[in-house]
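Subject: Structure handover

Hello,

Here is the structure we spoke about, with the sequence. My notes on what was found in it follow below.

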Amino acid sequence: MDWRTYAAVVVVAISVVVAMVLYADSEGPPQKGGNGSPTKAPGMARLVFAVWGNEAEVDAFEEIVAAYNRESEVVDVHVEAWPDPNAMLADIRSGEVTPDLYLLPRDELAETLEADRNRPLLDLLDARGVAFGDEFPRDAISAFSAEDDLQCMPYAGSPMVIYYNTDLIDFERMAARELPVPPEDREYWTLEMFRAAAEFASRPRKESKGVYIEPTLQGLAPFVYAGGGEMFDDDDDPTSLALADGESADALRQTLEVLRDPTITLSNRQLRSQTALDYFKDGKLGMVAGFRDLTPTLRNVPGLAFDVMPMPELDDDATIGDLTGVCVAEGPQDRVEQSADFLVNLLSDEAVTTMAETGYVMPTKVDVNFSDAFLQPHLQPANARVFVNAIRSIVLPPLLEGWPELEAAVDPDLERLLTQPLLEDLEADLELIDEKSRAVLDPEDPDEPGETDDPGGPGETGSPDPSDGETGDGG
């Protein structure tokens, strides 16, 4: 090979390399990011959105994020997902993940505020034209408000309702037998109607029972509130449960007359065999309480016919809610602003509709809740409007940091109320439960001297008042 041939080969080789580099920089196929969207240009901010949920819910969030990323020239949002909120929050608290936005159950708001993990939203969203009063229920906004500001944006929230088996509970057949039934619009029913339905569904030959309500604070709260009672001694800074108070105790007495009836509710022996939800799926239980996320699960049970009713009324209608918000994490102002921009997109009709269409999520956005995307009229339950109507009946408990500790302290005693053979003194039992709650809600500080300590000389200690400082054993 002479020098001319050699030079020509070198020139061609260099030209090929240059062409390949130019193609890779301009026309080559884009590389995919972690959420399936094209990797953004260098220098673009990467925001992390922490969520939890099943596959359908996570897929919906990723669909929303992918659409946002396609249009954004500033940020690339990435979804990090967990199966449940406890797992997600454990990783956030430990620093395993540091999201820019994250879902938050409402009962975790107090702890989040205490840890300074969020940036208040009122000014951020107001500057972006979010119409709080028109598009979102006032109660939902209040649920995530504290310290005179909106701490997280309410995003989803379902009232607790009653799911019932329409094969076991047939209101038309009950009416024909002159049994008490709800009106035709199925918008409400009384405790008497509720009991009649449970009795109608209890059929020894079919080995079916009528109803099961969890013997927990959450399970019994709607009945206490519906009877005009209160769960806590103060709505803002509770120091005790208030189950022994007059109206609360009376509401529980009426409720227990139904839920303790062994002819219509599941026994402990039956519950050791399988859960109440499994009995419902098997067509062996007339009624269970639940939230919207139970709907798709029941739709997937072959042959199960079901519908929903609101929680039964005593003196009034009342229920509790399973509420979820979206929080913006504390951080540099530019990331907070970018996170707020994405949050506005997350609140758009298009994004909220995508979540509602999963069937699991009940958005707080009013217009979407009244749309077919949420009501899904071609699917069970036929009376899905109950979810929307019951929103106004939700009673919000105080913001507490120690919910798990409170439940651990009192739920065993609540279970005994529903299962022990005899209730000799309900008022005394409720007073004991209230007393145990004080050990969690208003614990004594052993480092602080009691109010009756004698400030005498050395070696002298005060004698406490015998009526002072009596508390339960904390469970």
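The loop between β4 (145–146) and β5 (149–150) contains Asp148. Although Asp148 is not a glycine, its phi is positive, at about 60°. Pro381 belongs to the loop between α18 (372–375) and α19 (385–389).

Please keep in mind that this is a predicted model. The average pLDDT of the protein is 87, and 84% of the residues score at least 70. Two stretches need a separate word. Residues 1–38 stay under 50 in pLDDT, and the model gives them 19 contacts beyond four places in sequence. For residues 450–475 the pLDDT is likewise below 50, and this stretch has 21 contacts in the model beyond near neighbours in sequence. Where pLDDT is low, the predicted coordinates should not be read in detail.

Now the sheets. One of them is an open sheet of five strands, in the order β2-β1-β3-β11-β6, and its pairing is mixed. Its edge strands are β2 (75–82) and β6 (153–159), each of which pairs on one side only. From one strand to the next, the twist averages 20°. Within this sheet, β3 (residues 101–105) and β11 (residues 321–328) are antiparallel and pair over five bridges. Leu103 has Val326 of β11 as its bridge partner.

Helix α2 (residues 55–71) touches β1 (45–52), β2, β3 and β6, and its direction makes about 175° with that of β2. Helix α3 (residues 85–94) touches β1, β2 and β3; the angle between its direction and that of β3 is about 130°.

There is also an open sheet formed by four strands, ordered β8-β9-β7-β10, again with mixed pairing. Why is one side of β8 and of β10 left without a neighbour in the sheet? Both β8 (209–212) and β10 (306–309) stand at the edges and have a single partner strand each, so one side of each has no neighbour there. The twist in this sheet averages 20° from one strand to the next.

The partner of β8 is β9 (residues 285–290); the two run parallel and are joined by three bridges. Among the residues involved, Tyr212 has Val288 in β9 as its bridge partner. Helix α9 (residues 191–201) lies across β7 (161–165), β8 and β9, and runs at about 135° to β8.

Rolling a probe the size of a water molecule over the atoms shows where empty space is left. How many cavities of 30 Å³ or more does the structure hold? The structure holds one. The volume of the largest cavity is about 120 Å³. Its lining consists of Pro137, Asp139, Ala140, Gly157, Leu323, Pro363, Thr364, Asn369, Ile391, Ile394 and Leu396. By class, seven of the lining residues are nonpolar, three are polar and one is charged.

Regards

Definitions and conventions. Residues numbered from 1 in each chain as written. Predicted model: local features only at pLDDT ≥ 70, side-chain atom pairs only at ≥ 80, totals over all residues. Heavy atoms only, no water. Pairing = 2+ DSSP bridges. Axes fitted to C-alpha atoms, helices over the stretch in contact; angles between N-to-C directions. Contact = heavy atoms within 4.5 Å. pLDDT = per-residue confidence, 0-100. 1 Å grid on protein atoms, 1.4 Å probe; cavity = no way out; pocket = protein on both sides within 12 Å on 5 of 7 lines; lining within 4 Å. Points joined across faces, edges and corners; volume = space filled by probe spheres on them. Nonpolar A, V, L, I, M, F, W, Y, C, P; charged D, E, K, R; others polar.
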